[in-house]
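User: Please take a close look at one part of this model for me, and keep it chatty.

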Amino acid sequence: MPDVVLSPWLATVLFVLACLAGHRYRRVWKEEGPRWQLWVFGVTAAVCLLAVGLLPITTN
């Protein structure tokens, strides 16, 4: 498997996307909105945070 790395700008974009998805997840949860939206926002936030947390970031 080739080495998969993130550039700093992509890691920043993924982190911001995770924050926005997490905020939206919390809002839908508090308003007892549709469960499919909880899944969409929750999985989006989780995947973004896992990518930022587990993939190395290049500095060149």
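V16 sits in helix α1, which covers residues 8–30 (helices are DSSP runs of H or I, at least four residues, numbered from the N terminus). This is a predicted model, where local features need pLDDT of at least 70, side-chain atom pairs need 80 or more, and totals for chains, interfaces and linings use all residues. Numbering starts from 1 along each chain as its sequence is written, and side-chain values use heavy atoms, without hydrogens or water.

V16 counts as partly exposed because its relative accessible area is 43% (buried is under 20%, exposed over 50%, with a 1.4 Å probe and protein chains only).

Now for L50, in helix α2 (residues 35–54). L50 counts as exposed because its relative accessibility is 51%. L50 is 35 residues from F15 in sequence, yet their C-alphas are 9.8 Å apart.

As for the core, L6, A11, L14, A18, C48 and A51 make up the largest nonpolar one (buried nonpolar residues joined through side-chain atoms within 4.5 Å). Helices α1 and α2 each supply at least two of its residues, and α1 gives the most, with three.
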